[in-house]
Amino acid sequence: MLSYTVYSEAGGVGKSSLTANLAAAHARAGLDVLVVPLDPQDGDLSRLLGVDDDRADHEADNLVRHMVGSPRGSFDDLIQSAEGIDVIPEHNLLSDLSDFLTREKQQAEKLGDAYNIYAQLQRVLQEGDIAKQYDVLICDPPATESDHLYNAIYATRNLVIPVEPSAKGEASVDGLQQLATNFADQMGIEVGVLAAVPNGFKGTNDQTELLEEISFPTPEVIGDRTSLMEGCWKQQCSAFEYQREHRDYPRDHELETLAQFDRLARYLEEQRGIEAPHPPEPGALEDEVTV
């Protein structure tokens, strides 16, 4: 199974949009995809994909309950689907995740048991037999150093980094590399970076120089697609669905961006030896595969 966390220390770099569009690109090639968004704030991936109806419902079962051993139903019942992508929707209880995990750890220690706060998402996913059901797992934590992030990294062991092509973005990548290295050393695990994805590239000389300094593979550089992404958030869908259902006519530069998402998905699959059964022509909107 290909598993990765899409993360950047900098906010506003299109992290959730990249997650949604990579998930769509994997799914439309015939792969089974599960997305686990973990952002406690509104305007998150669940909102983008239109599966956030129960976010504020205190009676609704949710991932946090499963992570602290107090579920109200089965794991499978948490999953909702959009555009052929399975999603475990975010819930407002994610705001209190760290407090809940700390209490569980304190209780375990009183009983003389070991408790790894950062392994709870992995435990839930393993108990749900995710590796048998899905080809691709993607986590989308908030853009802050938090238990949400560390649970995502511990569960996936790989990072895909959206990068703002600026000095600020370069500093963010350096900080993330240090953060991931420290966490991996602390937990005794290996964490790899599958790709860095510069996003919002406008072709200036400064941006071009910064791209050359990124120390990770950059298989695709995404241009400034503000209009396309704003449309996706308005219509609550991926860029593929937005082009197919909501654009009055296709824009060549936006179709090329879809092709980039497809090529990036194939690149990531290749890193883990996964061959998609029905990869479409990059950027093609016809002949969609129903998963």
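Predicted model: local features only at pLDDT ≥ 70, side-chain atom pairs only at ≥ 80, totals over all residues.

Biologist: How many residues does the largest nonpolar core have?

Modeller: A nonpolar core is a set of buried Ala, Val, Leu, Ile, Met, Phe, Trp, Tyr and Cys residues joined through side-chain atoms within 4.5 Å. Buried means under 20% relative accessible area, exposed over 50%, and partly exposed in between, with a 1.4 Å probe and protein chains only. Residues with the most contacts inside the largest core include Leu 34, Leu 63, Phe 75 and Leu 121. The size of this core is 48 residues.

Biologist: Which elements give two or more residues to this core?

Modeller: Helices (H or I, at least four residues) and strands (E, at least two) are DSSP runs, numbered from the N terminus. The strands that give two or more residues are strand 2 (33–37), strand 5 (136–140) and strand 6 (158–163). The helices that do so are helix 3, helix 4 (97–110), helix 5 (120–127), helix 7 (147–156) and helix 8 (167–187).

Biologist: How many residues are in the second, separate core?

Modeller: Val 6, Ala 27, Ala 195 and Ala 276 are included in this second core. Its size is 43 residues.

Biologist: Why is strand 2 described as largely enclosed by the rest of the structure?

Modeller: Both faces of strand 2 are covered, with buried Val 33, Val 35 and Pro 37 on one side and buried Leu 34 and Val 36 on the other. Strand 2 is largely enclosed because the buried residues number five of the five.

Biologist: In strand 5, which residue is the bridge partner of Val 33?

Modeller: Two strands pair if DSSP finds at least two bridges between them. Strand 2 and strand 5 pair in the parallel sense over five bridges, and strand 2 also runs parallel to strand 4 (residues 85–87), joined by two bridges. In strand 4, Val 35 has Val 87 as its bridge partner. In strand 5, the partner of Val 33 is Val 136.

Biologist: Within what arc do the buried residues of helix 4 fall?

Modeller: Leu 97, Leu 101 and Ala 108 are buried in helix 4. The arc is that of the directions from the helix axis to the C-beta atoms. The buried residues line one face of helix 4, because they fall within an arc of 25 degrees.

Biologist: Which exposed residues does the face of helix 4 turned away from its buried side carry?

Modeller: The cover over the buried residues of helix 4 includes helix 3, helix 5 and helix 7. The face turned away from that buried side carries Arg 103 and Lys 110.

Biologist: Against which elements do the buried residues of helix 8 pack?

Modeller: Among the buried residues of helix 8 are Val 173, Leu 176, Leu 179 and Phe 183. They cover an arc of only 130 degrees around the axis, which puts them on the same side of helix 8. The buried residues of helix 8 pack against helix 7 and strand 6.

Biologist: Is His 66 buried or exposed?

Modeller: His 66 is found in helix 3 (residues 63–67). Contact means heavy atoms within 4.5 Å, and leaving aside neighbours within four places in sequence, the contacts of His 66 include Asp 61, Phe 75 and Arg 123. Because its relative accessible area is 9%, His 66 is buried.

Biologist: How many disulfides does the count come to?

Modeller: A disulfide is a pair of cysteine sulfur atoms within 2.5 Å. The sulfur of Cys 237 has its closest cysteine sulfur in Cys 232, 5.1 Å away, which is too far for a bond. By this rule, the number of disulfides is zero.

Biologist: By what distance are the C-alpha atoms of Leu 49 and Ile 85 separated?

Modeller: Leu 49 is found in the loop between helix 2 (45–48) and helix 3, and counts as buried at 5% relative accessibility. Leu 49 and Ile 85 are 36 residues apart along the chain. Their C-alpha atoms are separated by 9.3 Å.

Conventions: Residues numbered from 1 in each chain as written. Heavy atoms only, no water.
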